[in-house]
Amino acid sequence: MMYRDGRAVANSIVSRKVRIQGVNADSFESALEFWNRAGTKMNELCRERPTRCYPLRYEDLVRYPKREMVRLLEFLDVRWNETVLHHEKTIGQKGGASLSKLEPSFTQVQEPVHTRAVDGWRASVPRDMTQSKMAYIAPLLRTLGYV
């Protein structure tokens, strides 16, 4: 299970106007509540099945890709291959990854792993969304160590 800071996810939903049933794509609060509900369910499932679920923090993956990919592949019992660090070079290549141009993140996925999105959301949080209000709306932020 890969998880990401809910505030970044909420910002992405709002800024990209991602349509999700039951979520107001114009509301940071609605998007954050959605992240909390979905993430809480996934987190519970992962805790119930620790031998089948590997929790991977998005921020760690983009900051320390080799370290995190080595750990993930060990968990999966898959032999290490340096190619996993350069996914962008395999897209559309024979034996490589295929990606639909209909995928909303098509252009982003074609880029090498980077950290620009890790903290980019901070400037876009509505002023009335205080740290304590976000922690109240989304207690999973605290559970996962984001606040």
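Student: Does Glu68 count as buried or exposed?
Tutor: A word on the model first: it is predicted, with local features needing pLDDT of at least 70 and side-chain atom pairs counting only at pLDDT 80 or more, while totals for chains, interfaces and linings use all residues. Residues are numbered from 1 along each chain as its sequence is written, and side-chain values use heavy atoms, with hydrogens and water left out. Buried means under 20% relative accessible area, exposed means over 50%, and partly exposed lies in between (1.4 Å probe, protein chains only). Since its relative accessibility is 5%, Glu68 counts as buried.

Student: Which residue forms a salt bridge with Glu68 at 2.7 Å?
Tutor: Side chains of opposite charge can pair when their charged atoms come close. A salt bridge here is a side-chain nitrogen of Lys or Arg within 4 Å of a carboxyl oxygen of Asp or Glu. With the closest N and O atoms 2.7 Å apart, the partner of Glu68 is Arg67.

Student: And in which helix do Arg71 and Glu68 both lie?
Tutor: Arg71 also forms a salt bridge with Glu68, the closest N and O atoms being 3.4 Å apart. Helices (H or I, at least four residues) and strands (E, at least two) are DSSP runs, numbered from the N terminus. Three residues, about one turn of the helix, separate this pair, and the helix is α4.

Student: Which residues are joined into one network with Asp128?
Tutor: Asp128 meets the side chain of Lys133 in a salt bridge (3.5 Å, N to O). Asp128 is partly exposed at 48% relative accessibility, and Lys133 is partly exposed at 28%. Through salt bridges that share partners, the residues networked with Asp128 are Glu29 and Lys133.

Student: Which elements do the buried residues of α1 pack against?
Tutor: Helix α1 spans residues 6–16, and its buried residues include Ala10, Ile13 and Val14. Contact means heavy atoms within 4.5 Å. By that test, the buried residues of α1 pack against α2 (28–48), α7 (131–137) and α8 (140–143).

Student: How much space lies in the largest pocket?
Tutor: On a 1 Å grid over the protein atoms alone, a pocket is an open set of points where a 1.4 Å probe fits, with protein on both sides within 12 Å along at least five of seven lines; lining residues have an atom within 4 Å of a point. Grid points are joined across faces, edges and corners, and a volume is the space filled by probe spheres set on the points. For the largest pocket that comes to about 1,200 Å³.

Student: Which element gives the largest share of that lining?
Tutor: The largest pocket is lined by 43 residues, with Met2, Arg4, Tyr58, Ser105 and Gln108 nearest its centre. Elements giving two or more residues to this lining include β1 (2–3), α3 (58–63) and α5 (106–109). The largest share, seven residues, comes from α1.
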